[in-house]
Amino acid sequence: MGHARPAAAAPGIARAIAHFVGQVLADAPTDAVRTLQELRDEQVARAGAVVENVVALQR
């Protein structure tokens, strides 16, 4: 069985992220900063929930 090559996947991942961001910003092109801040806040909230679950599982 061959080893995975994460570096080989990087260009495809970067294209997918760029496409996603382009789609999100296309919905609100005049207020990109607010849109990016909302995305950041959502991800921070999700990360916080994961941390809480991990801490609860370790108790």
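Predicted model: local features only at pLDDT ≥ 70, side-chain atom pairs only at ≥ 80, totals over all residues.
The protein chain contains two helices and zero strands. Of its 59 residues, 5% are buried. The accessible surface of the chain comes to about 5,200 Å², of which carbon and sulfur atoms supply 63%.

Three salt bridges were counted. In one of them, the side chains of Arg34 and Glu38 meet with an N to O distance of 2.8 Å. Helix α2 spans residues 32–58, and because Arg34 and Glu38 are four residues apart in this helix, about one helical turn separates them. Arg34 has a relative accessibility of 42% and counts as partly exposed. Glu38, at 44% relative accessibility, also counts as partly exposed.

A salt bridge also joins the side chains of Arg46 and Glu42, with an N to O distance of 2.9 Å. Both residues lie in helix α2, where Arg46 and Glu42 are four residues apart, about one turn of the helix. The relative accessibility is 49% for Arg46, which is therefore classed as partly exposed. For Glu42 the value is 37%, and this residue is likewise partly exposed.

The side chains of Arg40 and Asp41 form a further salt bridge, at 3.0 Å from N to O. Arg40 is partly exposed at 48% relative accessibility. Asp41 has a relative accessible area of 42% and is partly exposed.

Definitions and conventions: Residues numbered from 1 in each chain as written. Heavy atoms only, no water. Buried < 20%, exposed > 50% of the residue type's maximum accessible area, 1.4 Å probe, protein only. Areas by Shrake-Rupley, 256 points an atom, 1.4 Å probe, with all protein chains shown as cover. Salt bridge = Lys/Arg side-chain N within 4 Å of Asp/Glu carboxyl O.
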